[in-house]
Amino acid sequence: MIDFTLTDEHRLLEQSVREWAAREVQPRIHDLDRAHQFDPAFLAGMASIGLLGVAVPQEYGGAGTDYISLGLASEELEYVDTSLRVIMSVHIGLNCLTLLAWGSEEQKQRYLVPQAQGRKIAGYGLTEPAAGSDARAIESVAVKRGDRWVLNGEKTWISLADLADHFLVFAWTDLQKKKVRDPAGITAFIVERTFKGFSSGPMKEKWGILAGNTGHFVMQDVEVPEENVVGRPDEGFKIAMFALDQGRFTVAAGATGLIRACRDASVKYAHERHTFGVEIGQHQLVKELIAQMESDYQAARLLWLRAGWLKNLGRRNTRETGLAKWFATVASERAAGDAVQVHGANGYSDEYPVGRFYRNCKGAVIYEGTREIHKIMQADYLLGYRVDRASRCELPPYRGS
Ligand SMILES: Cc1cc2nc3c(=O)[nH]c(=O)nc-3n(C[C@H](O)[C@H](O)[C@H](O)COP(=O)(O)OP(=O)(O)OC[C@H]3O[C@@H](n4cnc5c(N)ncnc54)[C@H](O)[C@@H]3O)c2cc1C
């Protein structure tokens, strides 16, 4: 039997996130967005309702909820503003869940517990000036010196770069393998902001997710203790890809929330605005835009729910999560463009939220696998060019709270 019913626990979480975001964020988001300002008080608010530990087991300081809950929280947060969902994507999706699956017990106690409790914030550093989709093109290197690794390199377009306390960072440790782009030469490290030689700065010219923090960081002879290597030294690339399976899930659910926000704003405006003697909702071409938003919303939601269900069961879901992310983000771009259209010139101003939705949606069509990379992945699965093999570490199934 397929059961689409959310549990009481899911409903409760959904309701508490919705209420918190409507109360604490909604009234201020327009001004924060215009001021290009991230408010750190949101992190404290999210921690206070357990959001910074969603889907992390209680034994590691988390809320002990399932993966569907992570999707629900992401959807509700992005309904209000993308910047909030980005926190879930990097802190929980890319970092906490990766440590949960790949971290040593010592790393979990030292890093995952304070992160899941919301006392520390976590980020993810893969992208570099010359390496985005082509992650093997990273230039960062780590050289072993005694019981430490010395890291040098620059990471760019990093969410929470100026805020996070800990970063999951990827660097080449085998320079021979780097020459031939063999990803087995890449290693994953936990780097703390306080490590000597680490510095960060904001992106100055960003035009979307303006209430969020995005930046770069530089590592100049940063000494990282051996015990901060995540997994084995040759597993960094696999770990980076594993992390994306979790981050993409939150992006998919978040983009679904953005479609819903576009739909709701468009329905409201279609009742308010009159042309040719009727409210614009009476015009068939406006109805078409709104109907498309509804079908995109429902389809996107089913896709991320399926991916979350597979995660709950502990089944591999790279393919399903990638499809959910690709579909939802492309649909959110369509919904945001159409929501602006429904609002006419008013949509082209910041008086209404749809202009912000339009600026915000585009990032997700680029990060965590661009639209083109996801298209290629889905085609490759069908053509038999891509097969997911079992990994040494997998996301643990949900075992109940
Ligand atoms: C707001 C924001 C936040 C981000 N946060 C993070 C973060 O926290 N951590 C992190 O590590 N990174 C982060 N990123 C970086 C993001 O992951 C990269 O931007 C993304 O991987 C794309 O890389 P790129 O920008 O270098 O584009 P490129 O890889 O240079 O791609 C440029 C264009 O070429 C296309 N293309 C590339 N290769 C192919 C191919 N083989 N076939 C067909 N088309 C191709 C792409 O689809 C794209 O259209 C963030 C980006 C943004 C915008």
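**View 1. Gly 384 in the segment after helix H12.** Gly 384 is found in the segment that follows H12, where helices (H or I, at least four residues) and strands (E, at least two) are DSSP runs numbered from the N terminus. Gly 384 is partly exposed, with a relative accessible area of 48%; buried means under 20% relative accessible area, exposed over 50%, and partly exposed in between, with a 1.4 Å probe and protein chains only. Although Gly 384 and Arg 359 are 25 residues apart in sequence, they stand 36 Å apart in space, C-alpha to C-alpha. This is a predicted model, in which local features need pLDDT of at least 70 and side-chain atom pairs count only at pLDDT 80 or more, while totals for chains, interfaces and linings use all residues. Residues are numbered from 1 along each chain as its sequence is written, and side-chain values use heavy atoms, with hydrogens and water left out.

**View 2. The whole protein.** The protein has 12 helices and 10 strands. Its radius of gyration, taken over C-alpha atoms, is 21 Å, close to the 21 Å that the globule rule gives for 401 residues, so the protein is as compact as a globular protein of that length; the globule rule is 2.2 Å times the number of residues to the power 0.38. Along the principal axes, the C-alpha trace spans about 80 × 50 × 45 Å. Of the 401 residues, 54% count as buried, and among contacts between residues at least 6 apart in sequence, 76% join residues at least 24 apart, a contact being a case of heavy atoms within 4.5 Å. The accessible surface of the protein comes to about 17,600 Å², of which 53% belongs to carbon and sulfur atoms; accessible areas come from the Shrake-Rupley method with a 1.4 Å probe, and for residues only the protein chains shown count as cover.

View 3. Of the 16 residues around the ligand, the ones that come nearest are Thr 127, Ser 133, Trp 157, Thr 370 and Glu 372, where a residue is near a molecule if one of its heavy atoms lies within 4 Å of it. An N or O atom in the side chain of Thr 370 is 2.6 Å from an oxygen atom of the ligand, a polar side-chain atom of Ser 159 lies 2.9 Å from a nitrogen atom of the ligand, and a backbone N or O atom of Leu 126 lies 2.9 Å from an oxygen atom of the ligand. The protein covers 64% of the 970 Å² of accessible area that the ligand has on its own. Strand S3 (148-159) and helix H12 (371-383) are the elements that give two or more residues to the shell around the ligand. The shell residues divide into nine nonpolar, five polar and two charged; Ala, Val, Leu, Ile, Met, Phe, Trp, Tyr, Cys and Pro count as nonpolar, Asp, Glu, Lys and Arg as charged, and the others, Gly among them, as polar.

View 4. The buried residues of H11 include Phe 357, Arg 359, Cys 361 and Val 365. Glu 368 lies in the loop between H11 and H12 and has a positive phi of about 55° although it is not a glycine. Glu 368 is buried, with a relative accessible area of 11%.

**View 5. Gly 103 and helix H5.** Gly 103 has its place in the loop between H4 and H5 and counts as buried at 11% relative accessibility. Not counting residues up to four places away in sequence, Gly 103 touches Thr 98, Lys 108 and Val 230; the C-alpha atoms of Gly 103 and Val 229, which are 126 residues apart along the chain, are separated by 8.7 Å. Among the buried residues of helix H5 (residues 105-116) are Lys 108, Tyr 111 and Leu 112, and what covers the buried residues of H5 includes helix H4 (82-102) and strand S1 (122-125). H5 is followed by Gly 118, whose phi is positive, near 80°.

**View 6. Thr 321 in helix H9.** Thr 321 has its place in helix H9 (residues 318-342) and is buried, with a relative accessible area of 1%. Leaving aside neighbours within four places in sequence, Thr 321 is in contact with Asp 245, Arg 248, Phe 249, Ala 307 and Lys 311.

Methods
Polar contact = N/O pair within 3.5 Å; in protein donor to acceptor, adjacent residues only side chain to side chain.
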